[in-house]
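Here's a quick briefing to read with the model open in your viewer. Have a look at the coordinates first, then work through the points below.

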Amino acid sequence: MAVDQGAIRQGSAQRPGARQDPRLDWWREARFGLFIHWGLYAIPAGEWKGEFVPGIGEWIMHRARIPVAEYERLAGQFNPVRFDAAEWVSLARRAGQKYIVITAKHHDGFCMFDSRWTDYDIVDATPFNRDPLRELAAECQRQGLRLCFYYSQTQDWHHPDGDGNDWDYDEPKKDFAGYVESYVKPQVRELLTSYGPIGLIWFDTPKRITLEQSQSLVDLVHEIQPACLVNGRVGNHIGDYASTRDNVIPSELLHADWETPATINDTWGFKKDDHNWKSPQDLIRKLVDIVSKGGNYLLNVGPTAEGVIPQPSVDRLRAMGQWLEVNGESVYGTRPGPLQGLDWCRTTIKPGQLYLHVLDWPARGELRLPGTPSEVTSAHLLADPARAALPVSRESGGVLIKGPATPPDAIDTVVVLTVD
Ligand code: JFZ
């Protein structure tokens, strides 16, 4: 199978028969999700004791080797009173995103939900005293999105037996197996029993987890909620689908269920000095590129400590939503199209329809296809409500479609081809 240029590192994408599993139907249809990295790291926002700490924002505790006792004090200041679940879910919905994956527990170990198994959580340890995951669950139900949880199963820099913190704890002395059994599993159970139906659990950085431990987590998830998916970063090449490396889009079509997790600037957790926002054009084209190769795009925002999604992220998600409002038919529920590897276009298909995503509009609007496996019977612009027919003619070895002389959409003009 023609999988991989090293893009997919973890996951069961190549498992025979995986593509038949109807539990993935909603996720294959969805194509586009919202990732949310939100936690105590939003308070320092990349700065510790007056110094900007390089790297991704949610890693600040690790990068700056902040002692647990000191990092813990952030909880007392965490009061995101501007958090509004309805607004966040509505933003995602209007962006055209079909699922939300939010950090229930990241590597810093702080729980963004009311856990019975620790007091180091947003309800017990902060003045905020609300459970945002509960509020998001209710809003997702109301607005028709799937809620999913990110859970750091291996790294936990707060728990004495979790992986990763060697500045407070002695790594060789850790009882990692005990941590998995008596902390990770009860919390995963909690997440799957207290918030209604969960679309998927997004595990991460498997590191030292064994195959038995990964498998028992997958089994636990499926035992409690059989429909809940597990991403490939549960470790040891199992799980329901594969994740690429962060921000990596494979160079060619993959015959697998896969997802690219990606940042909208250069960090996951909010950093006040990261202003390197990708343009709407770049983001829309990345979505289309991913979908044309059979993947999902899980695009991240990092809300502030006040509970606000940064305005540049909001603006970009809105722009994507506006494009999808017109062109969503060529994205949702599609499969990769037959024309791959061309610079100027991407293709997606549905039964009877081929969507030609034109990124570089050709001179005089002459769209030349090197040949499609089926006969093209008609063509029109997806954005044209009148569906005015574009002239289609056969050329030696291919098809010529005559579009407007100038590009109707500078980002991606979608031409719908009706095919036999
Ligand atoms: C992990 C986390 O450490 C990070 O904080 C963030 O949550 C991100 C989504 O996931 O980072 C990774 C994990 C895997 C790769 C790169 C960064 N990888 O496979 O290249």
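The largest cavity holds about 50 Å³ of space, and this is a predicted model, so local features need pLDDT of at least 70 and side-chain atom pairs count only at pLDDT 80 or more, while totals for chains, interfaces and linings use all residues. Residues are numbered from 1 along each chain as its sequence is written, and side-chain values use heavy atoms, with hydrogens and water left out.

**Cavity**

- A cavity here is a set of points, on a 1 Å grid over the protein atoms alone, where a 1.4 Å probe fits but cannot get out; lining residues have an atom within 4 Å of a point.
- Grid points are joined across faces, edges and corners, and the volume is the space filled by probe spheres set on the points.
- The structure holds one cavity of 30 Å³ or more.
- Among the residues lining the largest cavity are Trp268, Phe270, Lys271, Trp277, Val301 and Gly302.
- By class, that lining has five nonpolar, six polar and one charged residues (Ala, Val, Leu, Ile, Met, Phe, Trp, Tyr, Cys and Pro count as nonpolar, Asp, Glu, Lys and Arg as charged, and the others, Gly among them, as polar).
- Gly302 also has its C-alpha atom 10.0 Å from that of Tyr41, although the two are 261 residues apart along the chain.
- Tyr41 sits in the loop between strand S2 (32-36) and S3, and at 1% relative accessibility Tyr41 counts as buried (buried is under 20% relative accessible area, exposed over 50%, partly exposed in between, with a 1.4 Å probe and protein chains only).

- Strands (E, at least two residues) and helices (H or I, at least four) are DSSP runs, numbered from the N terminus, and two strands pair if DSSP finds at least two bridges between them.
- Five of the five residues of S10 are buried, so S10 is largely enclosed by the rest of the structure.
- In a regular strand the side chains alternate between the two faces of the sheet.
- Trp258, Thr260 and Ala262 point one way from S10, and Glu259 and Pro261 the other way.
- S10 runs parallel to strand S9 (residues 242-244), with two bridges joining them; Ser243 stands opposite Glu259.
- S10 also runs parallel to strand S11 (residues 295-301), this time with five bridges, and Trp258 has Gly295 as its bridge partner in S11.

**An open antiparallel sheet**

- Three strands make an open sheet in the order S15-S18-S17, with antiparallel pairing.
- Strand S15 (366-369) and strand S17 (392-395) are the edges, each pairing on one side only.
- S17 pairs with strand S18 (residues 398-402) over four bridges, and Val392 has Ile401 as its bridge partner in S18.

**Salt bridges**

- There are 25 salt bridges in the structure (a side-chain nitrogen of Lys or Arg within 4 Å of a carboxyl oxygen of Asp or Glu).
- Glu47 and Lys272 form one, with their closest N and O atoms 2.8 Å apart.
- Glu47 lies in strand S3 (residues 47-48) and Lys272 in the loop between strand S10 (258-262) and helix H8 (280-292), so the pair ties together parts that are 225 residues apart in sequence.
- Glu47 is partly exposed at 24% relative accessibility, and Lys272 is partly exposed at 36%.
- Asp21 bridges to Arg23 at 3.3 Å, N to O, and Asp21 is buried at 17%.
- Arg364 meets Glu366 at 3.7 Å, N to O, and Arg364 is exposed at 55%.
- Salt bridges that share partners join Asp163, Glu171, Lys174, Lys207 and Arg208 into one network.

How values were computed. 1 Å grid on protein atoms, 1.4 Å probe; cavity = no way out; pocket = protein on both sides within 12 Å on 5 of 7 lines; lining within 4 Å.
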